Structure formats: structure tokens, C-alpha cells
Amino acid sequence: MATLETLIVEHNPNNQPVNHAVIWLHGLGASGYDFQPIVPELGLSDEVAVRFIFPHAPKIPVTVNGGYVMPAWYDILEMTLQRRVDIAQITASAAMIDELIAEQVAQGIASENIIIAGFSQGGAVAYHTVLTSKRKLGGLLALSTYFASAEMIDSVAVNQDIAIKIDHGQFDDVVPMVLGLDAKERLQKLGLEPTFSSYPMAHQVCLAQIKDIGNWLNSLTKTA
């Protein structure tokens, strides 16, 4: 299995031992550098030490883009509303993210303190990673995305009580907001309790949303 290249950014104003990690997956055709500038804008507490890991997706041919080779977590075969995607590649990408989780655990970060985030395609992999993981994780942040592997998952084991934040743009014409709402309903049917927030934006992130994400991360990483 290939090892993903990553970009590492740490929020650690007081030079404490790092005890939380966020693994943040980018969207189709992008890279780990896409979300790097967000870290200082989150407004994270000075009392927490958080390592952000931004992996770069492998480059593969993408069918809906004429077979063009680009960074992608999986192939998209048809751009119907529900999408037709390569589920095996989602599973393989989730396995690579699990390797990154294992690396952080080996470096002393408890799995319960590892949050998985993803935008668009990255969000679909984040869903699959968290909901199929054998490790108890700290949170799931799903941004402008959809639950691509929902038909494969009929129960959730160790992450039944995980904090899930779903964000979506009200004017998203790439991944329509109805898919974000559909993901919320599917998660609820699995017994999970996601929160859903919408913002007046397209397929992107906005400042108000970034501040809300920062508040959510602060609530998950605050010390006892």
C-alpha cells in the first residue's frame, strides 16, 4: 500500500506536548496545501497543542474529466446527483488514512484525540474512514461532501457516539446541499447524531464557517 505524502502544521503556542491531531483531506484536483492557510484563522485556544496533517491524494485518471490524471481520492464514473464512484478506491484511500492515524497513535496521540476532516471528495473518504474504523476517534468534520459509501455501511461499532459536524454551501452547484442533508439523514438512521450547518456560499469555505469550525475544534480539544 502506498504511503501518502503529507504537509504538517502545528498549532502549539505554549510548546506543549502535542496531544491532538486533525487529519484534513482536500478535494478533487487539489492538494494538502489547500487548507493549510486555514489553521491560523480558526481561532484555536492557546491552551491546546494540535497537529494538522494535510495529506496529498495520489494522482489517478478521473473518468468524468476525460480520464485526465489528477490528485483524487477515487474515480468518479458519472456525475449524476448521487454520483457513480469507484467504491474500491474509496476503501483503499480510507486504508491509507488509517495508516496516518496509526502513525499519530505511534507518536503518542490517543486515537480518541484524532479528528478526521474532509472537503468534497475528501469528505466522502472521511465518512468511510471514521464509520468503518476499528479505533475510537475524536470527531468527524464533513465539508461540502456526500456519503458515497452509505450502501456499504449498515452499522457503526466503536464510533457510534462520535461528534460529527456537517457543513454545506447553500449555493453549491458542484455537490448540491441536498446531498449533505441526505448524508445527515443516513447517519441518523445509523444511530449517529450529526449537526448540520449551511452557509451562503458555493463549493468552498467562508470566514464565518471557519470561525465555527474553530469553535467546534476548541470544544473537542479543550483540556479537562
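Biologist: Where is N15 found?
Modeller: N15 sits in the loop between strand 1 (6-11) and strand 2 (20-25). Keep in mind that this is a predicted model.

Biologist: Is N15 buried or exposed?
Modeller: N15 is exposed, with a relative accessible area of 68%. The cut-off for exposed is over 50%, so N15 qualifies.

Biologist: What about the phi of N15?
Modeller: The phi of N15 is positive, about 50°, although N15 is not a glycine. Most residues other than glycine have a negative phi.

Biologist: Which loop holds S120, and what is its phi?
Modeller: S120 is in the loop between strand 8 and helix 2. S120 is not a glycine either, and has a positive phi of about 55°.

Biologist: Buried or exposed, that S120?
Modeller: Buried, as the relative accessible area of S120 is 9%. Buried means under 20%.

Biologist: What is the lining of the largest pocket like by class?
Modeller: Eight of the lining residues are nonpolar, five are polar and one is charged.

Biologist: Back to strand 8. What unit do strand 8, helix 2 and strand 9 make?
Modeller: They make a right-handed β-α-β unit. Helix 2 covers residues 121-132.

Biologist: How many bridges join strand 8 to strand 9?
Modeller: Five bridges join strand 8 (residues 114-119) to strand 9, and the two run parallel. In one of the pairings, I115 has G139 of strand 9 as its bridge partner.

Biologist: And how many join strand 9 to strand 10?
Modeller: Four bridges, and strand 9 and strand 10 (residues 164-169) also run parallel. L140 has I164 of strand 10 as its bridge partner.

Biologist: Why is strand 9 said to be largely enclosed by the rest of the structure?
Modeller: Because five of the five residues of strand 9 (residues 139-143) are buried.

Biologist: Which residues of strand 9 are on each side?
Modeller: G139, L141 and L143 are on one side, and L140 and A142 are on the other. Both faces of strand 9 are covered, as these residues are all buried.

Biologist: Now helix 2. Is H128 buried or exposed?
Modeller: H128, which lies in helix 2, is buried, with a relative accessible area of 4%.

Biologist: Which residues does H128 touch?
Modeller: I90, T91, A94, S149, M152 and I153, leaving out residues up to four places away in sequence.

Biologist: Where is E151?
Modeller: E151 is in the loop between strand 9 and strand 10. E151 is exposed, at a relative accessible area of 69%.

Biologist: What separates E151 and R186?
Modeller: They are 35 residues apart along the chain, and their C-alpha atoms are separated by 9.6 Å.

Biologist: Last one, L207. Which helix, and buried or exposed?
Modeller: L207 lies in helix 4 (residues 207-221). L207 counts as exposed, at 53% relative accessibility.

Biologist: How far apart are L207 and E41?
Modeller: In sequence, L207 and E41 are 166 residues apart. In space, the distance is 8.3 Å, C-alpha to C-alpha.

Key. Residues are numbered from 1 along each chain as its sequence is written. This is a predicted model: local features need pLDDT of at least 70, side-chain atom pairs count only at pLDDT 80 or more; totals for chains, interfaces and linings use all residues. Side-chain values use heavy atoms; hydrogens and water are left out. Buried means under 20% relative accessible area, exposed over 50%, partly exposed in between (1.4 Å probe, protein chains only). Two strands pair if DSSP finds at least two bridges between them. A crossover is right-handed if, with the strands pointing away from the viewer, the path from the first strand over the helix to the second runs clockwise. Ala, Val, Leu, Ile, Met, Phe, Trp, Tyr, Cys and Pro count as nonpolar, Asp, Glu, Lys and Arg as charged, and the others, Gly among them, as polar. Contact means heavy atoms within 4.5 Å.
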